[in-house]
Amino acid sequence: MNDNHTSDSDMPKVDNPTKKMDDLQYRRSIYADPTSQDDDIIAAQNADPAKKQLAHELCLFDEKLKQAMNVPVPEDLYNKLLLRQTLASHQQEKRKSRVHLALAASVAIIAGLVVNYLQFSNSYTNLGDYALAHVYHEENEFYNDDNNRVSLTSLNKKMTTFNASFSGSLGELISADYCRFDGMKSLHLVFKGLTDTVAIFVVPKEEHLAFTKKFSDNKLQGESLGFKQANIIIVADKNESLALWQRNINEKISWSNK
Amino acid sequence: MKKFGNKKTPPQVLNTEPSKNSSSMATKQVRYEALVKALHGDLYRYAYWLTHEKQVAEDLVQETFLRAWRALDSLKDEKAAKSWLITILRRENARRFERKRFDMSEYEEASIMDTKSTTTEQVIENQWLRDKIAQLPPEYSEPLVLQVLGGYSGEDIANMLNLNKNTVMTRLFRARNQLKDALEKEPEKMRFLHE
């Protein structure tokens, strides 16, 4: 009972064979391992039949021990173990599916955001491109021979949004409406021109569209006027003198310092 | 949800799944089942002699195999499986003691009846021996169980228990010596054991 490691040294060194084993040494070795086939054990057994008998007895005793130790294993243990593992990996899978679901949800949300972003934001990088696109988009909405006229008063009312007003008429104004100019609230004016309508945009200063002084394509031409508070963009066909319109605007517009 | 869980299939159908991931899962499953089948008995008996309680032994084996499942990839040599599992089981048992220290000197395990034994005499003899083995100090009974039941050499046991071989041999000697002593104190049992 009082086994501690200091007393372990009183053990004969089984794997360090001595020439002849005394009885005590033999007894200790064979008790520790009745089936030992060490040379000195075998030699001792051959020299002394009583020692052989002791080994034999201990082997029988071991058999009895083994029988006693061989406690019955619960019959359902095997199935329980498999079930337990199946459940455990199922839990794991469920966690994984939840992760997958969360991933899918994230992807959906991001996709939604991207669509939103693309729809409502700048697919154009400069004012000119956007202005041209805008005019083409509304090409069939306004006709040069439209009889509709907007008064200077109602135009100036709308211009208050930009803290600006016109001192006199720029020409025959067919339409004046707020519109979305690449996501920015702007004023879209349509004037009667020489051969076709002239579009004038009053656009808040924004950084995401590069300012383009002059732009054109094979049909339309445009110019931008940069004021402190806003940009004014003129788009018309090539028969129109943009310089004239520009001068006209410069003369008649006034900005209030609000 | 289903389209994301590409591996969620019962083990029987797994083999028909062509994806690489699934087939490695199937291999793992097969390995695990083989391991459980071959070694759960040995593990249970070992756990029983470690804990002296059937239910605790069963729980311990379950915990052990669950951990084994999770760590199965780290088992490279199938021949080492048993001692690997025993190591896990011993660790689990130690953890159990950290969780809850309970009195291990008093226990009654008279309920175990070996149904495989044919005669009543053998049943009584086994029961008597079991009580005696259970009364050995655990540091003696553990190497004895590993040697007699597990068939491990002194060296193997020394490695498994993290002891030097001479210590193991001394404990084995003392274990048998104490059992023999107990036997000699009750001469009427000698009849069973020496026939």
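**Notebook: the A–B contact and some ring pairs**

I started with the contact, meaning heavy atoms within 4.5 Å: it takes 47 residues from chain A and 60 residues from chain B. I noted that this is a predicted model, where local features need pLDDT of at least 70, side-chain atom pairs count only at pLDDT 80 or more, and totals for chains, interfaces and linings use all residues. Residues are numbered from 1 along each chain as its sequence is written, chains are lettered from A and ligands numbered from 1 in the order in which they are written, and side-chain values use heavy atoms, with hydrogens and water left out.

**Area**

I looked up the buried area next (the accessible area, 1.4 Å probe, that two parts lose on being put together, summed over both). Between chain A and chain B I got about 5400 Å², with 62% of that from carbon and sulfur atoms. On the chain A side, Y31(A), F61(A) and M69(A) lose the most area to chain B, together 13% of what that side buries.

I wrote down the salt bridge between the side chains of K80(A) and E58(B), at 2.5 Å, N to O.

**Who gives what**

For elements I used DSSP runs, numbered from the N terminus: helices (H or I, at least four residues) and strands (E, at least two). In chain A, α1 (23-32), α3 (49-69) and α4 (77-120) are the elements that give two or more residues to the side touching chain B. α4(A) gives the most, with 17 residues.

**Rings**

The rule takes rings of Phe, Tyr and Trp (its six-membered ring) with centres within 6.5 Å; planes under 30 degrees apart are stacked, over 60 edge-to-face, the rest tilted.

F191(A) and W245(A) make a tilted pair, 5.3 Å centre to centre with 50° between the planes. F191(A) sits in strand β3 (residues 184-191) and W245(A) in helix α7 (residues 242-252), 54 residues apart. Buried or exposed, F191(A) and W245(A)? Both are buried (under 20% relative accessible area; exposed is over 50%, partly exposed in between; 1.4 Å probe, protein chains only).

F227(A) and W255(A) are tilted too, at 5.1 Å and 45°. F227(A) counts as buried because its relative accessibility is 15%.

How values were computed
Salt bridge = Lys/Arg side-chain N within 4 Å of Asp/Glu carboxyl O.
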